[in-house]
Amino acid sequence: MNSKNITVILPVHNVSGNFETWFKKAVTSIEQSQVKPGKLMIVCSDNSEVKSYMDKWEQPKDVNVEVVYNNGDTSYCGQINYGVEVMDSEYFSILEYDDEYSNIWFKQFDAYVGHYEEVDIFLPLVVDTDQAGQFIGFTNEALWAMGFSEETGYLDNNTLLKYQNFQVSGMIMRVDKFEEIGGMKSSMRLTFNYEFLLRASYNDTVIMTIPKVGYKHTNQRDNSLFWDYKNNPEFKLEQDEAKFWIDTAKKEYFFTTDREVVYNN
Amino acid sequence: MEKQLQQLENGLGKLKNKGSKFYFLTQDTEGNAMASVETNYRYVKHLIDAGYDAYVLYEKAEYKGVESWLGKNYSELPHSNIESGELKVGPQDFVIVPEIYGNTLEQLMNMPCTKIVLSQSHDYILDTLNPGFGWPNYGVTKCITTTEEQKKHIGSLFPTVQTEVISPAISDYFVPSEKPKKPLVAIHSRDQRITMKIIKMFYLQNPQFKWLTFRDMRGMSKEEFATVLGESCLSVWVDRISSFGTYPLESMRCGTPVVGVLPVMRAEWLTKENGIWSQDESTLVETIGNYMKNWLEDSLPENLYKSMENVCDPYTIDKERESVITYFERLITEKVTEFEASINKLKPAEENV
């Protein structure tokens with residue numbers, strides 16, 4: 001088992017604004033990886049603007065790229081689910097277009113997977129940065145703090161019920177396990193990450209952080225979904241709503257199907 | 001004179017037939033692991049395995065022993081207790097005393113055996129000696145030490161003492177973990193206060209690494225000690241008065257790089273390539289932070305690992321056993337010659353014709 005069995009899903013919803021600048025960086029991070037994944041699958045919304053961009057886009061020569069179009073649910077979760085459905089590899093990983101892999105991430109996967117065959121999800125140590133690339137902090141690292149979780153390095157359901165701050169972008173996950181637990185839920189507007197991990201751990205998915213820097217996450221990028229939630233008056237989330245989504249995640253993770261959730265203020 | 005002759009002939013017989021006794025005076029660590037004490041036990045085991053009559057000698061009857069950290073293979077070696085009067089020696093016997101027991105030398109002074117100092121820590125040599133007194137004043141003519149630097153130092157203090165270097169072994173159970181290293185920092189210092197100070201300073205200066213775990217390597221069994229060292233991604237060593245540096249070598253044997261403060265007296269194995277060395281403690285915390293950043297990014301220089309690879313090769317159990325047996329057999333040969341000369345002097349003239 002090695003990185004050749006990984007397909008990286010890069011969801012593209014639209015190509016407006018600074019998309020190109022970020023997207024180029026994201027793809028370059030795969031080009032510069034010391035060990036490359038088997039495939040980069042760009043899952044695009046099936047619309048003319050995105051199609052036109054992708055037709056003109058010059059694919060990197062030494063990365064195996066496949067561009068697919070999704071005309072169904074094109075939310076972040078919908079794109080991931082679609083990508084997993086159409087791929088044929090054993091593992092997949094998620095790369096957001098405004099993020100980057102570290103150049104050692106797939107090499108680390110190769111080094112760990114043989115020793116931890118029981119693990120279904122390898123989380124990277126995520127470096128959170130601001131838009132200018134300044135270091136803010138780590139995510140997923142706390143699992144290695146002595147006494148934080150039930151077993152050092154591993155994420156379990158009880159720990160998740162107490163701490164929500166984990167990141168799935170960059171993770172490398174077994175495709176069959178993803179399908180078994182029902183994929184990602186678009187209905188979990190704010191807490192899709194959290195609900196997914198709760199559901200995974202509840203369904204005996206073994207989750208571990210590889211204690212090596214694997215992923216650079218740009219935090220609160222202008223006009224990103226979470227930036228909108230925090231700063232855009234139109235989408236701004238109140239404290240009550242944030243609490244609602246956390247509580248909902250804690251109720252919904254028992255179900256593998258994505259059920260409709262409505263927030264009524 | 002006849003009685004004296006008989007005693008000498010008796011002693012000679014014991015010397016020639018592995019009947020001499022070897023007593024290794026040993027510190028009571030009260031259940032805590034200590035490299036110098038482990039060395040004592042290994043010496044006793046080497047001699048016993050070679051058919052000699054060797055004992056771990058301890059002072060107080062309530063000696064705690066080593067079973068909790070060295071296991072039964074060592075705790076069940078023959079022991080002898082001074083307090084209960086079990087120490088009875090003749091001229092054919094040998095008592096080996098660690099330098100820290102300088103005060104005991106006075107009690108041993110009139111015993112007819114050969115007294116040897118086993119000096120593993122140069123800093124303790126003068127602690128228990130009265131001003132103006134040295135080992136030769138107590139009948140010590142021989143010393144075993146662990147590095148050439150220490151041999152030089154001992155030579156400068158006691159020029160008449162014959163000093164031999166026997167390098168301690170790094171035990172075979174120090175091996176790298178089969179799995180990749182964990183973000184775990186093993187830390188070892190002579191003073192626990194220093195350990196705590198380094199850990200606290202590290203977290204204050206590197207809040208982004210608050211999730212890293214430090215393990216104080218005190219108070220664990222040898223097995224646990226070796227396991228933790230094998231799993232750790234870094235080993236921190238602060239022991240300015242160290243003589244040989246068993247701990248950093250054990251770390252390197254586990255494939256765990258060492259960040260340390262340079263000891264006052266450097267052992268031969270220590271080079272600027274095989275560890276990350278600071279002149280003092282003030283820069284240590286910053287060095288640990290930089291190291292961790294590089295470890296997390298997998299960007300440590302490859303030559304650091306390469307330089308560690310062969311450092312431990314000269315320090316195997318087999319080599320130590322061979323050195324110990326060769327040394328003591330040479331002493332026995334010298335002693336046999338001495339005994340034979342004394343016997344010849346005492347025998348009536350016609351028997352010597």
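The centres of domain 1 of chain B and domain 2 of chain B, taken over C-alpha atoms, are separated by 34 Å. Domain 1 of chain B covers 2-169 + 316-352, and domain 2 covers 182-309. These bounds come from an automatic or database domain assignment.

This is a predicted model: local features need pLDDT of at least 70, side-chain atom pairs count only at pLDDT 80 or more, and totals for chains, interfaces and linings use all residues. Residues are numbered from 1 along each chain as its sequence is written, while chains are lettered from A and ligands numbered from 1 in the order in which they are written.

Now the domain interface. In chain B, 17 residues of domain 1 are in contact with 14 residues of domain 2. Contact requires C-beta atoms, placed from the backbone, to lie within 7 Å. On the domain 1 side, the elements giving two or more residues are α3 (67-70) and α6 (148-157) of chain B. Helices here are DSSP runs (H or I, at least four residues), numbered from the N terminus. α6(B) gives the most to this side, with four residues. The domain 1 side divides into five nonpolar, nine polar and three charged residues. Ala, Val, Leu, Ile, Met, Phe, Trp, Tyr, Cys and Pro count as nonpolar; Asp, Glu, Lys and Arg count as charged; the others, Gly among them, count as polar.

Next, the chain interface. Chain B places 10 residues in contact with 17 residues of chain A. The chain B side comprises four nonpolar, two polar and four charged residues.

Last, confidence. The model scores ipTM 0.92 and pTM 0.89.

Key. Two residues are in contact if their C-beta atoms, placed from the backbone, lie within 7 Å.
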